[in-house]
Amino acid sequence: MSAYGSGFNYEGGDAGGGGGDGGGGFASGSQNSPNNRPRKAYDEQTLIPVTIRMVLNSQPAISGDGSFQLADGRELHQVKLIGAVRTADKQSTAVTYSIEDGTGIIDIKEFVNDELPAMVQAREEATQDHVYVCIIGQVKDYDNKKSIIGNSVRKIESMNQFTHHMLEVAHSAEKYKKADQIVSAPQGGFGAPAGVGFGGGPVGKNAMGGMGMAAPAAGGANELQQTVLQFVREHGESSDEGVNIAQVIAGTTAGGRFSEQEVRNIVENLATEGEIYSTIDENTFKVAE
């Protein structure tokens with residue numbers, strides 16, 4: 001399982017690219033998490049695959065919250081891009097990368113706040129000139145120059161991931177455009193009220209990911225998602241590395257109510273939705289907050 005490869009509702013490919021700006025089974029807005037911390041609006045958790053040119057050409061969002069938006073209107077809160085390291089300036093508190101992907105060059109700043117051997121090794125691999133890395137982060141603007149604060153900068157395993165990412169970028173944009181068209185369609189289309197998917201759930205910008213799938217029934221997948229997310233939050237906060245998927249499986253299947261495969265599927269969904277992200281490897285996660 002890859003935390004980035006198949007996409008974070010990630011707006012990339014559907015099981016891994018999550019659908020559009022969809023919901024992932026969690027309500028957005030002011031709903032509080034189990035530890036009483038307010039949840040972010042769903043759009044703020046959506047990971048969008050982008051190219052560097054898309055980031056450089058983005059404009060301040062109309063929401064006025066300091067974020068940026070693409071030409072098609074999608075707001076950039078969490079982004080994913082893949083590119084080659086041209087330079088890497090390592091300091092005691094941060095590493096600044098110059099990354100190129102064929103569409104442009106941008107600076108990535110990753111703050112260093114740990115000395116765990118596995119994290120140090122991953123960073124050393126990512127700071128080699130000309131290697132390709134996958135970046136998960138947020139777009140910032142300092143003195144009218146856009147850059148990205150990297151939450152995760154990891155060397156990719158093969159160039160297939162770069163090719164896949166570029167396909168995800170195109171697929172994400174096309175799916176967003178089609179979702180907006182569905183939202184604006186008149187009632188009665190396809191024999192159902194506008195805004196209702198084939199499974200009876202909402203489609204479009206606030207729809208469940210996965211090609212217009214209905215949101216999961218209350219109790220089952222929803223409950224497991226919340227259980228897994230809370231487990232990763234509680235156990236990941238005590239470690240800079242985060243929590244391994246084996247720990248998540250052991251902690252959530254003990255009562256026999258959920259299977260290992262169900263938990264793995266939920267972890268994959270949470271990763272594609274940008275709720276959690278991988279740290280030292282593709283099987284270790286922390287909550288994206």
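Predicted model: local features only at pLDDT ≥ 70, side-chain atom pairs only at ≥ 80, totals over all residues.

Reader: Why is R123 called buried?

Author: The relative accessibility of R123 is 9%. Buried means under 20%, so R123 counts as buried.

Reader: What makes R123 and E110 a salt bridge?

Author: The rule asks for a side-chain nitrogen of Lys or Arg within 4 Å of a carboxyl oxygen of Asp or Glu. For R123 and E110 the N to O distance is 3.7 Å, so the pair meets the rule. R123 lies in helix 3 and E110 in strand 7, so their contact ties together parts that are 13 residues apart in sequence. E110 is buried as well, at 4% relative accessibility.

Reader: How do you know that D72 is partly exposed while R74 is buried?

Author: D72 has a relative accessible area of 33%, which falls between the 20% and 50% cut-offs. R74 has 2%, which is under 20%. The two side chains meet in a salt bridge, at 3.0 Å from N to O.

Reader: Why are R264 and E260 said to be about one helical turn apart?

Author: Both belong to helix 7, where they are four residues apart, and that separates them by about one helical turn. R264 is partly exposed at 31%, and E260 is partly exposed at 42%.

Reader: What makes E110, R123 and R154 one network?

Author: Salt bridges that share partners join these residues. By the distance rule, the count of salt bridges comes to nine.

Reader: How do you know that the span of helix 7 agrees with its number of residues?

Author: Helix 7 runs over residues 260-272, which makes 13 residues. At 1.5 Å a residue the span should be 18 Å, and the end C-alpha atoms are 18 Å apart, so the two agree. The buried residues of helix 7 include V263, I266 and L270.

Reader: Why are strand 10 and strand 11 called edges?

Author: Three strands form an open, antiparallel sheet in the order 10-12-11. Strand 10 and strand 11 each have a single partner strand, so one side of each is left without a neighbour in the sheet.

Reader: What makes strand 10 and strand 12 a pair?

Author: Pairing needs at least two bridges. Strand 10 and strand 12 have two bridges, in the antiparallel sense, so they count as paired.

How values were computed. Residues numbered from 1 in each chain as written. Heavy atoms only, no water. Expected span 1.5 Å × (residues − 1). Buried < 20%, exposed > 50% of the residue type's maximum accessible area, 1.4 Å probe, protein only.
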